[in-house]
Amino acid sequence: MTKRRARPFVKWAGGKQAIASVLVGMFPGRYGCHYEPFLGGGSVLFAARPEVAVCGDQNEWLLGCYAAIRDDWPRVAGVLDVLPNTREDYLRIRAVRPGTLDPFTRAAHFIYLNKTCFRGLFRVNRENQFNVPYGAYDRRYYDPNELAAVAEALRNIEFRSGDFERSLAGIRPGDFAYLDPPYYKLGGYSDFNRYTQGRFREDDHARLASVCRELDARGVLWAVSNSDTPFVRRLFDGYAMIPVSNRREINLDPRERDITELLIVNYEVKINQDDRCPGIREGAER
Ligand SMILES: C[S@@+](CC[C@H](N)C(=O)[O-])C[C@H]1O[C@@H](n2cnc3c(N)ncnc32)[C@H](O)[C@@H]1O
């Protein structure tokens with residue numbers, strides 16, 4: 001049997017699944033430890049397949065889910081196997097406070113809600129309560145081979161929940177960070193910014209840019225994904241910006257689904273012109 005490759009086991013708003021290999025193709029050829037402080041659904045991590053990594057996310061429930069799968073995926077699967085997919089059960093499970101559950105049951109509830117809620121998105125209200133309505137989908141909660149592959153890929157990964165600066169603590173010259181914050185939308189509103197109780201605001205984007213400048217001065221390599229907007233371009237003025245095409249399925253307006261975003265880097269990217277990647281737009285500035 002061929003060994004399955006790890007891939008995201010939850011749907012995640014802003015997930016880079018469609019362009020993960022394009023992005024990874026532009027990562028530095030060699031580097032020390034991989035840092036990913038905005039891990040989300042993990043599509044980039046699973047495409048990059050680093051040996052060692054430190055990953056984080058502000059969403060504690062999501063991060064705990066990764067750790068539970070790494071530590072004992074069959075136990076998470078065992079809980080999922082007995083969760084019924086009906087509206088009544090969904091509402092009952094949605095009402096359970098994650099903090100009252102053991103880590104494996106909490107992880108199973110997270111996956112269950114992601115698979116059965118409307119449009120498969122994670123969204124919480126100001127009280128940090130998951131508030132997405134029932135989706136009535138008839139789908140499997142998980143594939144055992146896939147969860148096993150995920151657990152294997154996470155074997156040497158340290159998880160730190162919380163703000164990105166916490167995940168970056170201890171990063172050293174020659175290490176690499178891939179930073180994918182909630183997308184900045186013109187006007188200051190993100191098309192989706194409800195991954196956590198708080199929001200990622202303009203000053204958080206500015207804070208991220210100044211952290212990147214500090215890392216650059218220390219010889220740490222980084223790549224940041226964000227929208228191609230004057231605000232983002234201004235924040236990262238002086239760095240190479242590579243336009244990348246992406247499709248954002250979560251945008252309700254289909255005209256706004258095909259977008260160009262930026263990959264901003266502080267190292268030289270080698271794009272092989274003979275093997276041009278369809279995701280990279282003409283006129284990339286390097
Ligand atoms: C665009 S998503 C990342 C998507 C990911 N690259 C993928 O492919 O699935 C942004 C993530 O940042 C997290 N986040 C929001 N504010 C944060 C903060 N201050 N520090 C760290 N993570 C944060 C959100 O929970 C969300 O998972």
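## Sheet and cores of a predicted model

In strand 2, Val-54 is the bridge partner of Tyr-35. This pairing belongs to a predicted model. Strand 1 (residues 34–36) and strand 2 pair in the parallel sense over three bridges.

An open sheet of seven strands has the order 3-2-1-4-5-7-6, and its pairing is mixed. Strand 3 and strand 6 (240–247) stand at the edges with a single partner strand each, so one side of each is left without a neighbour in the sheet. On average, neighbouring strands of this sheet are turned by 20° against each other, direction ignored. Helix 8 (residues 202–217) lies across strand 4 (176–179) and strand 5 (221–227), and runs at about 160° to strand 5.

The largest nonpolar core has 46 residues; Phe-9, Tyr-66, Ile-69, Val-76, Leu-80 and Phe-159 are those with the most contacts inside it.

The core draws at least three residues from each of domain 1 (17–65 + 151–275) and domain 2 (68–125 + 139–146). Apart from this core lies another, of 27 residues, among them Phe-164, Leu-208, Leu-235 and Tyr-239.

In helix 6, the residues Glu-146, Leu-147, Ala-149, Val-150 and Ala-151 are buried. The buried residues of helix 6 pack against helix 2 and helix 3. Asp-143 caps the N-terminal end of helix 6, with a side-chain oxygen 2.8 Å from the backbone nitrogen of Asn-145. Leu-147 and Val-150 are among the residues that Phe-9 touches.

Notes. Residues are numbered from 1 along each chain as its sequence is written. This is a predicted model: local features need pLDDT of at least 70, side-chain atom pairs count only at pLDDT 80 or more; totals for chains, interfaces and linings use all residues. Side-chain values use heavy atoms; hydrogens and water are left out. A nonpolar core is a set of buried Ala, Val, Leu, Ile, Met, Phe, Trp, Tyr and Cys residues joined through side-chain atoms within 4.5 Å. Buried means under 20% relative accessible area, exposed over 50%, partly exposed in between (1.4 Å probe, protein chains only). Domain bounds come from an automatic or database domain assignment. Contact means heavy atoms within 4.5 Å. Helices (H or I, at least four residues) and strands (E, at least two) are DSSP runs, numbered from the N terminus. A polar contact is a pair of N or O atoms within 3.5 Å; within protein, one must be able to donate a hydrogen and the other to accept it, and residues adjacent in sequence count only if both atoms are side-chain atoms. Two strands pair if DSSP finds at least two bridges between them. Axes are lines fitted to C-alpha atoms, for helices over the stretch in contact, and angles run from 0 to 180 degrees between N-to-C directions. Lists of a residue's contacts leave out its neighbours within four places in sequence.
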